Amino acid sequence: MNLPTREQAGVLIVSVSGRIDHIASEEFTRALEPLLAGCVKGKAALLLDFSAVDYISSAGLRVLMMASRRAKAQQGTFAIAALQPLVQEVFAISRFNLIVPCYASVDAACKVVGA
Amino acid sequence: MNHVVFWGTRGSLPVSLTHRDIREKITAALLAANGKAFKTRAQLDEFVDQLPFAINGTFGGSSSCVEIVGDGPAHFICDMGSGARALGQAKIAKYGVPNPQTYHIFISHLHWDHLMGFPYFAPMYYPGNRIVVHGCHPHLEESIRHQMQAPNFPVDYAQAGARIEFDLMTPGKAHYISGINVTPKLQHHAGDSYGYRFESLDRTVVYSTDSEHKLDNPTEYDAFVRFFAKADLVIFDAMYSLAEAVSVKADWGHSSNVVGVELCQAAAAKRLALFHHEPMHDDKQLSRLIAETRRLEQITRGSRQPLDIISAYDGLSVAL
């Protein structure tokens, strides 16, 4: 899985796209691994730009929970932004909006988690 | 198989409505009536029928007990939670005492909420009845006897009038029982639990409660898709939200509505029944859960056939 990155306001923004289903979630875990390794105290916050994600399954949501948990353990900052409306509904129904920080847009997230 | 009757749908611990719950329902109904006058009982019934289920009904509070009504004379029952009391009374009322019946009871696991109704299952006290308790736990008989030994219960197991037999089943193997093929499946739960797939000539029902699904295990996911394949009805443990099930309540042995929808969609099942309701959830919360689950199915359906979603409640009868 290709996860292009860019920097904005001191935040490392990762563009995620497509469907994160049960098959893709394993690849998603592996692709996130090096990015999470750098998500530590004093380093740039890690923000997943979900604007191009059109589906996420329970397995994909679990990957996000594990990522958020790891970042927290490392005292890093991890968040997600710009969820499409249907994906946002999946977050709400699964209650993942309560355990993973979500922001309406990348700009809004950068204002909060940026340096 | 004709239909399924839910006698107990609550998870972990039986619950009942409180005076406050009843008062809220009455208040909500009167507010909805808004001073309306009803000239006949039929008009009143019509008004009550159109109220939301959280106002005109309740999901109930008995613990797990589900009846699968087959084509033959034998009775098929999944689990002996506290709902088994009402089921037993209904059978005695229907068949009477001098009319011996055969009951096949399938036990998912030995936790108390799934066995506690057994001593209150009236047919066990009447000679002539035959009760076959099926399960995969080696200590099945011991567990049932133990809960009816002093000081746990005033009536000893030896007082049972019915002939009670125990059948230790093999997981993954189809067992032909009174016209129905029954296949148990090992599930992830403390002390192990077993789901059951019931197949008649033209209908399939899956009973899968107290089952946690590990989302990082594709092999397990595929195995459950096969277990649920093309079922007419999947009765599924939807006790927690997905977020709870994978975080604070991971390893508590239960699942979520989200995983239920995904597995049933992948398995091309026709209907999903949310089951084993969280005792903390009131009728409003459970009504919200079913609405959200239907919405989830709608937005993730893609090109698949629609999956019918219901939420089980005590007393619900579902035609297959």
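Two residues are in contact if their C-beta atoms, placed from the backbone, lie within 7 Å. In chain B, 72% of the contacts between residues at least 6 apart in sequence join residues at least 24 apart. This is a predicted model, where local features need pLDDT of at least 70 and side-chain atom pairs count only at pLDDT 80 or more, while totals for chains, interfaces and linings use all residues. Residues are numbered from 1 along each chain as its sequence is written, and chains are lettered from A and ligands numbered from 1 in the order in which they are written.

**View 1. Chain A on its own.** Here we have four helices and five strands (DSSP runs numbered from the N terminus: H or I over at least four residues for helices, E over at least two for strands). Reading along the sequence gives β-β-α-β-α-β-α-β-α. Chain A is as compact as a globular protein of its length, because its radius of gyration of 13 Å is close to the 13 Å that the globule rule gives for 115 residues (taken over C-alpha atoms; the rule is 2.2 Å times the number of residues to the power 0.38). Along the principal axes, the C-alpha atoms fill a box of roughly 35 × 25 × 25 Å. Of the 115 residues, 42% count as buried, meaning that 20 or more other C-beta atoms lie within 10 Å of the residue's own; 12 or fewer makes a residue exposed, anything in between partly exposed, and C-beta atoms are placed from the backbone. Among contacts in chain A with a separation of 6 or more, 79% come from residues 24 or more positions apart.

View 2. Chain B carries nine helices and 14 strands. Its radius of gyration is 20 Å, close to the 20 Å from the globule rule for 320 residues, so chain B is as compact as a globular protein of that length. The C-alpha trace spans about 60 × 50 × 40 Å along its principal axes, and 44% of the 320 residues count as buried. The chain is divided into domain 1 (3-16 + 60-319) and domain 2 (19-51), with bounds that come from an automatic or database domain assignment. Taken over C-alpha atoms, the centres of these two domains of chain B are 34 Å apart.

**View 3. Where chain B touches chain A.** At this interface, 17 residues of chain B are in contact with 16 residues of chain A. On the chain B side, helix 6 (218-228), helix 7 (242-246), helix 8 (257-267) and helix 9 (283-300) each supply at least two residues. By class, that side of chain B has ten nonpolar, two polar and five charged residues (Ala, Val, Leu, Ile, Met, Phe, Trp, Tyr, Cys and Pro count as nonpolar, Asp, Glu, Lys and Arg as charged, and the others, Gly among them, as polar).

**View 4. Helix 3 of chain A against helix 9 of chain B.** The axes of helix 3 (residues 85-94) of chain A and helix 9 of chain B come within 10 Å and cross at roughly 145 degrees (axes are lines fitted to C-alpha atoms, for helices over the stretch in contact, with angles from 0 to 180 degrees between N-to-C directions). From helix 3 of chain A, Leu86(A), Glu89(A), Val90(A) and Ile93(A) meet Glu292(B), Arg295(B), Leu296(B) and Ile299(B) in helix 9 of chain B. Sorted by class, this helix pair's contact has five nonpolar, no polar and three charged residues.

**View 5. Two loops with positive phi.** Ala9(A) has phi near 50 degrees, a positive value in a residue other than glycine. Ala9(A) sits in the loop between strand 1 (5-8) and strand 2 (11-20) of chain A and is partly exposed, with 16 other C-beta atoms within 10 Å. Over in chain B, Lys230(B) is also a non-glycine residue with positive phi, near 55 degrees. Look for Lys230(B) in the loop between helix 6 and strand 11 (233-237) of chain B; Lys230(B) is exposed, with 9 other C-beta atoms within 10 Å.

**View 6. A cis peptide bond in chain B.** Ala150(B) and Pro151(B) are joined by a cis peptide bond, with omega about 5 degrees. Pro151(B) belongs to the loop between helix 5 (140-146) and strand 6 (163-168) of chain B.

**View 7. The surroundings of His277(B).** This histidine lies in the loop between strand 12 (271-275) and helix 9 of chain B. His277(B) counts as buried, with 27 C-beta neighbours inside 10 Å. Leaving out residues up to four places away in sequence, His277(B) touches Thr9(B), Arg10(B), Gly11(B), Phe59(B), Met239(B) and Leu286(B).
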